[in-house]
Amino acid sequence: MTSKNPADIRTSARKLSAADDPGTIRSFYPFWDSMYRPFLLGAVEALPASRFDWKPRPEMFTAQQIIVHIAECERGWIHNTVEGGTYEEWVVPHRDPAQGWVTVPHAPDHASLLAMLAEWHRHTQSWLDKPVSS
């Protein structure tokens with residue numbers, strides 16, 4: 001089991017390099033799953049559900065919408081751009097711009113947000129494991 005302590009994550013990840021995954025796309029991103037991803041998931045888990053709808057100003061994303069947007073972007077980068085799949089927007093402008101944005105997929109709790117991030121991250125992991133020549 002991997003420690004969720006940020007200092008332990010950083011220390012462990014710093015030992016990685018391109019040499020750990022030679023010839024794969026992952027060699028260019030050795031910290032993606034070892035450092036960046038755990039911090040993202042830790043931030044989602046630490047966000048109180050009571051603050052999902054918080055935003056600094058009415059026209060901005062809510063905290064929950066930022067997480068959905070991260071999953072949306074990862075889906076777009078890999079599923080759409082790399083794999084040639086469909087493009088979707090999951091956080092769209094509210095009909096009243098002063099109100100900000102509307103979340104398209106239903107993601108009311110931590111479990112649904114984490115599942116959304118996991119589903120689309122699997123595509124990223126598959127891509128990172130491909131040969132550099134792909």
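The residues of α4 that are buried (under 20% relative accessible area, with exposed meaning over 50% and partly exposed in between; 1.4 Å probe, protein chains only) are covered by elements that include α2 and α3, where contact means heavy atoms within 4.5 Å. The structure is a predicted model, in which local features need pLDDT of at least 70 and side-chain atom pairs count only at pLDDT 80 or more, while totals for chains, interfaces and linings use all residues. Residues are numbered from 1 along each chain as its sequence is written, and side-chain values use heavy atoms, with hydrogens and water left out.

Helices (H or I, at least four residues) and strands (E, at least two) are DSSP runs, numbered from the N terminus. In α4, the buried residues are Ser112, Leu113, Met116, Leu117, Trp120, His121, Thr124 and Leu128. An α-helix has 3.6 residues a turn, so residues three or four places apart point the same way.

Attention now turns to the charged side chains. Side chains of opposite charge can pair when their charged atoms come close. The structure holds 5 salt bridges, each defined as a side-chain nitrogen of Lys or Arg within 4 Å of a carboxyl oxygen of Asp or Glu. One of them joins Asp129 to Arg26, with the closest N and O atoms 2.9 Å apart. This pair links distant parts of the chain, 103 residues apart: Asp129 is in the segment after α4 (110-128), and Arg26 is in the loop between α1 (6-13) and α2 (32-46). Asp129 is partly exposed at 47% relative accessible area, whereas Arg26 is buried at 12%. Together with Asp33, these two residues are linked in a network of salt bridges.

Glu88 and Arg75 meet in a further salt bridge, at 3.4 Å from N to O. Glu88 lies in the loop between α3 (63-82) and β1 (91-93) and Arg75 in helix α3, so the pair ties together parts 13 residues apart in sequence. Here Glu88 is partly exposed, at 36% relative accessibility, while Arg75 is buried at 5%. In the salt bridge between Glu59 and Arg57, the closest N and O atoms are 2.5 Å apart. Glu59 is partly exposed, with a relative accessible area of 32%, and Arg57 is partly exposed at 48%.
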